[in-house]
Amino acid sequence: MGFGEKWRKWIHCCVEFARFSVLVNGSATGYFKNEKGISKGDPISPFLFLLVGEFLTSMIKKSQEKGLVSGFQSKEGGMMVIHLQFADDTLIFPDADEEQVKNLRLILISFEMLTRLKFNFAKIQIFGVGYEGDLSVFSSLLGCYSGVLPTSYLGLPLGDKCRGIDK
C-alpha cells in the first residue's frame, strides 16, 4: 500500500514490543509481553483495522479491474459497486456465477494468508438478491450459509421488495 520503511518499523514496534502490567490490590505487578499482538482495546487498534480494511478493498478492486468479480451498477451510467464496508462488516456483491464466487473465495483466502487474519466462514452468509436459483452451490463453494431475504442488517430491514429495477 506504499507505506515507507520507517512507518512500518514504528507499527511493528507497537505490535512486537507491547508490554502490559496488571494491577493487583491497586499495585502494579511486573510487566509481561503480549504473545498475541495488539489487543482489541489498544488505542492503535482502530487505525490498524482501517489499514487492513483498505488492503482488502485494494485486493477486491484489483480483482474487479481484472474481471474476476464484477459487482453491480448503481444506476444506468453510474458507478460499479463491488463491496461496502461498515465498521467490521464487509458486504461483497459478486454476480451469481460460480467462477466469480470461486474467485471471491481465492481473494479471501489470499487475504488470510497475507495478513494472518482469519475469516469465520461459519458466520458468513450469502444472499441471492433477485436470484431465483439454488444458492447452495455458492454457499458450498464459500463454505458458508445461505441466508433468506428479507432479513435485518444492523437492525435495519434488508430485502428485495421491488424484485429488480424497472427501466
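Reply: Begin with the surface. The protein chain has an accessible surface of about 12,500 Å². Carbon and sulfur atoms account for 59% of that surface. Keep in mind that this is a predicted model.

Me: What makes up the protein chain, in helices and strands?

Reply: The protein chain has four helices and 12 strands. Its length is 167 residues, and 23% of them are buried.

Me: Why is His 83 called buried?

Reply: Its relative accessible area is 13%. Buried means under 20%. The value 13% falls under that cut-off, so His 83 is buried.

Me: Which residues does His 83 touch, leaving out those up to four places away in sequence?

Reply: The list is Thr 57, Ile 60, Thr 90, Leu 91, Ile 92 and Phe 93.

Me: How do you know that the side chains of His 83 and Thr 57 make a polar contact?

Reply: The distance between them is 3.1 Å. The cut-off for a pair of N or O atoms is within 3.5 Å. The pair at 3.1 Å is within that limit, so it counts as a polar contact.

Me: How do you know that strand 7 and strand 8 pair?

Reply: Four bridges join them. Pairing needs at least two bridges, so four are enough. The two strands run antiparallel. Gln 85, for one, has Thr 90 in strand 8 as its bridge partner. His 83 lies in strand 7, which covers residues 83-86. Strand 7 and strand 8 form a hairpin with two residues between them. In the turn, Ala 87 has a positive phi of about 55°.

Me: What makes Lys 102 and Glu 99 a salt bridge?

Reply: Their side chains meet at 3.9 Å, N to O. The limit is within 4 Å, so the pair qualifies. A search of the whole structure finds one salt bridge. Both residues lie in helix 3, three residues apart, about one turn of the helix.

Me: Why is Glu 99 called partly exposed?

Reply: Its relative accessibility is 47%.

Terms used. Residues are numbered from 1 along each chain as its sequence is written. This is a predicted model: local features need pLDDT of at least 70, side-chain atom pairs count only at pLDDT 80 or more; totals for chains, interfaces and linings use all residues. Side-chain values use heavy atoms; hydrogens and water are left out. Buried means under 20% relative accessible area, exposed over 50%, partly exposed in between (1.4 Å probe, protein chains only). Accessible areas come from the Shrake-Rupley method with a 1.4 Å probe; for residues, only the protein chains shown count as cover. A polar contact is a pair of N or O atoms within 3.5 Å; within protein, one must be able to donate a hydrogen and the other to accept it, and residues adjacent in sequence count only if both atoms are side-chain atoms. Contact means heavy atoms within 4.5 Å.
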